[in-house]
Structures are given as C-alpha cells and as structure tokens.
Amino acid sequence: MALIDKTARRHRWDTKFAPYGYVAPYFLIFGVFGLFPLLYTVWVSLQHRNLVESADAYFIWFSNYAQLFADPYFWNAMGNTLSLWLLTTVPQILFALGIAQLLNRKVRTRTLFRMGVILPNITSVAAVTIIFAQLFGRDFGLINWVLDLFGAGHIDWQAGTATSHIAIASMVVWRWTGYHALIFLASMQAIPSSLYEAATLDGANGRQQFWRITVPLLRPQIIFSTIIATTGNMRLLAEPLLFNPGAAAATGGSDRQFQTAALYLYEQGFSKWDFGYSSAIAVVLAIATIIVAGLGYLVTKRIRTE
Amino acid sequence: MRPKALAIGCAALATAVVLSGCSGTASGGKTKLTIGLFGNFGYAELLKEYASTHPDIEIQDRTASYSDHHKNLAAHLATGNGAADIEAVDTGYVNQFKATPDKFVDLNTKGGDQLKDRWLAWKWEGSLSKDGKQIGYGTDVGGLAICYRRDLLQNAGLPADRDQVAALWPTWQDFMAAGKKFQEKAPEGVKWFDGGPTVLNAIVGQASVGYYDKSDKIVVGDNKEIKAGWDLVADGVQSGLSSKLLYSTPVWNTGFKQGQFATVTCPAWQMAKIKDQAGPEAAGKWDVTSVPGGGGNWGGSYLTVPKAGKNVDKAVELAAWLTAPEQQAKVFKSAGLLPSIPKLYDDPAIVDYKNPYFNDAPVGKLFTDAAKKLNPQYQGPKAGDIQTAIGNAMQRVEQGKQNGEDSWRQFVGDVQK
C-alpha cells in the first residue's frame, strides 16, 4: 500500500513539475545569454564607466541618455541605420518573393538551384564584405570598371552617403535574399494547386495569381521574414566596419556617412572606452529595433486578399 | 535512479571538459606563451631562436591589424580574459593603456628599473604611468624619412639620386613645390604622395607640441604649427598631388603594387610595409632619403605583459629579451625597425647598414641621424584617436566633401567634445 501511494505521489509530482523541467534549459540559456546581458547593459548604461577600469565606475543615472539625445552623431548614425534598414529589408523581401516564385516551377536541376540560393548565406560575412569592398573599389573595382565601359565614369563609393549605403545594402541583400526565398518557397509549396486551377479557369493570368493568391497566402511568412530581417538589419556592424578597414574603420567613413548605430556603439565602447555611453546606445538601439519591427509588422499585416 | 546518476556523470564530465579546456597552458610539460602583435615586428626568426634556446617554452604569435589589435586588447583587459601573455601596444595607444596601469605587470617590480638605461629616456617615459609604474618595454621608434620611387621621379624630370632628392625638399613647402613640378609630367593615375593623412602625420610628428600639452589638455585647435601643416597639405591635395589613399588600408596596399604614388612618408617601420606590399618586383625601385623639416617621430611600440596572464614571469623574461639591444639590432636589419636603444646609434653594425631592397640606401646612417636629432613630443591620452580624426578630416577634403577650413573646424570640434 505504502509503495503504491509513494509511486502515485511521485507520478503526480512528475506530471505537475516535469514540463517545467523540460522547458527549463531554454529559459536557463536565455537567462544567461539573453536576459542577463540585457539587464546588465541597462545597469551599465546608468553609469559613467571606462571600458577597462570598471572599479572607478559611478552612477550618473540618465546623464548618458540626455547626452545621447543631444548628440548629432548619434542621430546621424540612427538616420544611417534607418536608411540602410529600408535599403536592405525591402529589396530582400521583394527579391526573395521573385526568386521563390521562379524556384517553385518545375525546372530541371531545381534542387541544385534551391541549394544554390542559400550559399551566400553560409559564407562568412567578413569574406563577403572584403570581396564586396574590392568590387566597389574606387580605382580598381570591378563595378567602376563596368561603369567605365558604359562611359558612366568612376564613382568613389565610400565617399558619398547614398553610394556607400547602396554598396553596403547590396552586401546584405546578396547574403540574405536566398535565405528568405527558401522560407517563401517552402510555404508556396503548401498552397493547394486547386486554388491556381480555379483561378486559371476564371481567366486570371500568372501575374494576377501571384499577387492575388500567392502573396496573400504567404502573409505569415512575409511578416516573419520582415521581422527577422529588421532585427538583423537594424544592427548592421560587420558590413560598414569592414567596408572601410584601417585605423578609421569604426567611424564609418570620413564624415560618418555610413556609420550605423551599432558601429557608433562600437566606436564609443572600444575606441573611446566609454562603456556607459555605448551601453546607452545599445539600449536605445534595442528599443528602436522593436519599434521598427512593429512598424514592419503593421505594414506587412495589411497584405490581404481583396 | 539510473538516469539521475547518468545526469550527474554527464555534468561532471562536462565540467571536466570545460575546466581542462580552460587550463590548457602546459602541453607536454612546456610552458606556452602567446604574443599578440600587429603589423610586422620582424619577430619570426627571433621567436624561433628563443624557443630553441629555451626548450621548456613554446611561443605562439598572433598578428592582427593595427586597430583590431588595440580594440581587442582593450576588450580582453576589460573582461580580464583572452589577452596574450605579451601584448604589443603602439605609441598612439600607449597613453590610453597606461592610464589603467593595474591591468599590466609593473615591469619595475620585475627588474625593469635595472634595465631602464637601455632605452631613450623619452621612450621609457612614454609607457610610464603617472604613478611610476612601467607597463611596457620599448621596441622601436619611428623616426622619419621619405621613401620615394626613383623611376617615377626620373621619368618626370626630377633627380633620382637621394642626396639631390633631399636637396629638393629642405622644407615641406619645397616638398609640395617639387610635387607640383612632378605632377606636370606624371603619367595618368600617378600622384606625388599616397594620401594627405600620411603626410600630415609626419608634419604633426615634427611639431614641438602635438595634440596635447603636458597637462593632458587638448590644444590642437590652437596649435599654429599643426594648422600651418594642415593648410599646406590641404593645398597639396587640392592641387591634385594626392592619390587619396588612406594609409594602412587594403587600397593603399594596392597603391604600392600598382605604383600609384611617387613618395610616402617613411617612419622606419614603413620600410617593412613597403617591402611586403610592393613585393620583390619593385626591389631597387624604391629609395629612402631624409624628410623635409628634419627630425620627428611617428609611431614605435612597446611590449606589455597583461597581469591576467598565467605565466607572467616567463612572459616578462621574453619581453625583456625581445627588446634587448642585440635583438633590436637584428630586427633593424631584418625588418628595418629603428631601435629605441641609443647605444646602437653609434654601433657600426647599425650605422653602416644599407638596405638592399631600397637600392642600398644607407638607412642605418639616415635613421640613426634622425633618431639623434629627434625632439620627443608629448603624447596625450587619446593621441591615437585624434590621429584617426585628423585623418578622417583630411580625407573629407580629399573626397571633396568639405573645404580645408570647414573640415578643420569640424575636426577641432570633434576632438574637443
């Protein structure tokens, strides 16, 4: 009797608490690598703190934030971040939709093509950036060489705001379009073909079918991709950093023309050693990312069948 | 009960793996020393030599780019983890690091005070903290000279012989005037100098006062000497004398390969870079002569020993050996780095040394003369940072984004923030 009772109790205990045990590893890891650094950053952002000498740190509460909001270079970096967000996210999603549509056809060796689009994504970001920086080189870059063939002249890609943003955006788009295309492709294959057959009978052409059937049915994936792309593109660091290697890398160009918020954070933290200030940038950037991702969500949510 | 036991076993195993992963200092009874460098210190042969005479020591060197190296070092010191046993620090950064001397071994407590007289007095003081702790042993000093392409000068109707070339430019004004003459006959795509920031750094290095005064106040905004240099270089840039390449970038490296410029400001360590970048096919085309204005310094480094290292004593021993007179003499011959040891400036082995890559230029005589004349300039806490900012400012002029005056004003505003 006592034995059964004990087993039953253990069973009840098991069903009650075991599920928490199963999900605990995620929360533990998130707590250590996600939540703790987040809270720690907020804590540091309230201090005047040198990167190397943490013993001399003292609380200044919101002074870092006050300074930040009055800092023209911070707003310049935020402006660049938003510009690059637009220039990367919108083409990424549109190109990915187009590529997914192409890959969804019955073509020979389509597995090869499908594998192929993910290749840019698995190459190292540093390697990609270094090669793109060479392609966009002022004197001996391939792109200027091609432009020259058409008599368009040389462009100093790094010097201008618009040109440098285009160059950096092209690196990001090249790297991530395939990834989103595969997500779209997977969902496209789940759309029942009867929908298209019915539409064909009603006389809808391919273009109409794409915009009226495919895109609306991909809405959840488009929302997902937009949010993923936003969180990635709002914290671009490696691309602008390596686009202009050398001692001045962290300033993102001679006039900070392509310094993103993440790069400004890097400059303040690791060149100027102002750990408190750079943490404040991190906090504001995180909030901005949430806002922009929310905007992206609101826009993509409006996709619907008429 | 069994799953629980297994779990404990796993945890123990995992812990063991992690721990052993962290304490991999000794492999096969050898002490492993790591040394973090940037650019070319010319240490490859020396490290082999040291390892062969010290069989209990295994040395691993890792080299990063100039700015990556210093940023990583700051991050490693901040977290107290990941720094090499010996870390090189450049003149531009040493003041920033010596402001936190407790992160480094005070070499004065490890026999450094006995070795003090080896070095130039200003080199020794350069890495000495305000409270008298020595964070690094000096490796090289920059000195200043001009490296130039004999063939390009000759083709443009200028002399190629190094004494005659030196006579062309007693001052920087003369240097720019010679450049204008050169540019009239220069082939398409070839400019007089590599980039404004490089020239400007040399002029700044010669000034009696640099970016800071001795109380660590930033005074560059009122520094007439530097402003005059700025105006001169900006004028040279606007006259089309510049290839508009920022030093130590990949495009600048390509510039050497492609022969895009005829002259480059040459601290002694620059010779190693030119040789690496221009490659064997340019051997004999480059030559070295004295710098306009005379004297001056740009760069030079120190070897520090971060306190967090596990083999501090052995690292100190190695750092002292690498910076000892005999080794600095060897590095001068192999990589061209100018010793920071005044005794060597009269050593015939150094003074008579001619560099075969640079058309047998008497670099021994040239650089030791320059080093003797050198009037050390006080470097403030963020000199390296300001150097980056003034380079950016000159680049804005080169890229046509701003005129000289506007860019200067923005630069002064930036650094005084």
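Which helices of chain B are included in what covers the buried residues of α11(B)? The views below take up this question and others for a model that is predicted.

**View 1. Helix α11 of chain B and its surroundings.** The covering of the buried residues of α11(B) includes α9 (172-185), α10 (196-206), α18 (383-398) and α19 (404-415), which belong to chain B as well. The residues of α11(B) that are buried are Ile226(B), Gly229(B), Trp230(B), Val233(B), Ala234(B), Gly236(B) and Val237(B). Looking down the helix axis, one finds these buried residues within an arc of 155 degrees, and they therefore line one face of α11(B).

**View 2. The length and the end of α11(B).** Helix α11 of chain B covers residues 224-238, and its 15 residues, at 1.5 Å a residue, should span 21 Å. After the helix comes Gly240(B), a residue whose phi is positive, near 80 degrees.

**View 3. Strand β4 of chain B, enclosed on both faces.** Five of the five residues of β4(B), residues 86-90, are buried, so the strand is largely enclosed by the rest of the structure. Ile86(B), Ala88(B) and Asp90(B) lie on one side, while Glu87(B) and Val89(B) lie on the other, and both faces are covered. As a general rule, the side chains of a regular strand alternate between the two faces of the sheet.

**View 4. The partners of β4(B).** Strand β2 of chain B, residues 30-38, pairs with β4(B) in the parallel sense over two bridges, and here Gly36(B) stands opposite Glu87(B). With strand β10 of chain B, residues 300-304, β4(B) runs antiparallel and is joined by four bridges; in this pairing Val89(B) stands opposite Tyr302(B).

**View 5. Tyr20 of chain A.** Tyr20(A) has its place in helix α1 of chain A, which takes in residues 2-45.

**View 6. The contact between chains A and B.** Here 21 residues of chain A are in contact with 25 residues of chain B. On the side of chain A that touches chain B, the residues divide into 10 nonpolar, five polar and six charged.

Terms used
Residues numbered from 1 in each chain as written. Chains lettered and ligands numbered in written order. Predicted model: local features only at pLDDT ≥ 70, side-chain atom pairs only at ≥ 80, totals over all residues. Contact = placed C-beta atoms within 7 Å. Nonpolar A, V, L, I, M, F, W, Y, C, P; charged D, E, K, R; others polar. Expected span 1.5 Å × (residues − 1). Buried ≥ 20, exposed ≤ 12 C-beta atoms within 10 Å, placed from the backbone. Arc of directions from axis to C-beta. Pairing = 2+ DSSP bridges.
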